[in-house]
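Look over the sequence and the structure first.

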Amino acid sequence: MKEERKTSETDIKLALNIRGKGNYRFDTEIPFFEHMLSHVAKHGLLDLDLWLRGDIEIDCHHSVEDTAILLGSMIHKQLGDKSGIRRYGHSTIPMDEVLTTVAVDLGGRYYYKYTGPSLVGKFGIYDAELSLEFLQKLALNAKMNLHVVVHYGENRHHIHESIFKGLGKALRMAIEFDPAAQGSIPSTKGVLE
């Protein structure tokens, strides 16, 4: 699936396959953002091809936010009626001195919660707090519950890597087909949005 999003602040072209092999290609002019997205793609087995131009002369906020909006929307669309998926996914990732848990529910209702140290500082031109903006907008537009808990850790890079790797792993688990479900909707309601 390929989609575009163009505003006065950003121009994005994104190709996504949620049942991929973890292949990725980025051209965003924001190296740290690309590094984080590579973890989501690789550990989530998502094929992701992103071309992005934004008003980074101001900052990276619009670029990161709009990418999350488009990516979340595309994940939701590709899930379809969610027949046979596991729906829930979780992952606990150790990254040296950091331990992070990420849990998702692809049931169609939005909720987002981050618990952990303040994400501050910069990685090149990328403001660390943009990771929280990315996660919130991704969850909103994918219509999912997303809980991220950084139990402990000090190194800012390790904290970010553990979050994005955990997100990939949790998404992979939730997106996977459950062979025992035989294509049924994973809800007692019989329908998921």
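**Briefing: a contact site and a helix pair**

H35 sits in helix α1, which spans residues 31-44. The model is a predicted one.

**H35**
- H35 has a relative accessible area of 29%. Buried means under 20% and exposed over 50%, so H35 is partly exposed.
- Setting aside neighbours within four places in sequence, H35 contacts H157 and E161.
- M1 is 34 residues from H35 along the chain, and the C-alpha atoms of the two are separated by 22 Å.

**E161**
- E161 belongs to helix α4, residues 156-175.
- The relative accessibility of E161 is 9%, so E161 counts as buried.
- Residues up to four places away in sequence not counted, E161 touches H35, M36, H39 and M95.

**Helices α3 and α4**
- Two packed helices are described by the angle and the distance between their axes.
- For α3 (residues 130-142) and α4, the axes come within 12 Å and cross at roughly 15°.
- Angles under 35 degrees count as roughly parallel, so α3 is roughly parallel to α4.
- The crossing of α3 past α4 is left-handed.
- On the α3 side, the contact is made by S131, F134, L135 and L138. On the α4 side, H160, I163, F164 and L167 take part.
- By type, the residues of this contact of α3 with α4 are six nonpolar, two polar and no charged.

Methods
Residues numbered from 1 in each chain as written. Predicted model: local features only at pLDDT ≥ 70, side-chain atom pairs only at ≥ 80, totals over all residues. Heavy atoms only, no water. Helix = DSSP H or I, 4+ residues; strand = E, 2+ residues; numbered from the N terminus. Buried < 20%, exposed > 50% of the residue type's maximum accessible area, 1.4 Å probe, protein only. Contact = heavy atoms within 4.5 Å. Axes fitted to C-alpha atoms, helices over the stretch in contact; angles between N-to-C directions. Parallel < 35°, antiparallel > 145°, perpendicular 65-115°, else oblique. Left-handed = near helix turned anticlockwise from the far one by under 90°. Nonpolar A, V, L, I, M, F, W, Y, C, P; charged D, E, K, R; others polar.
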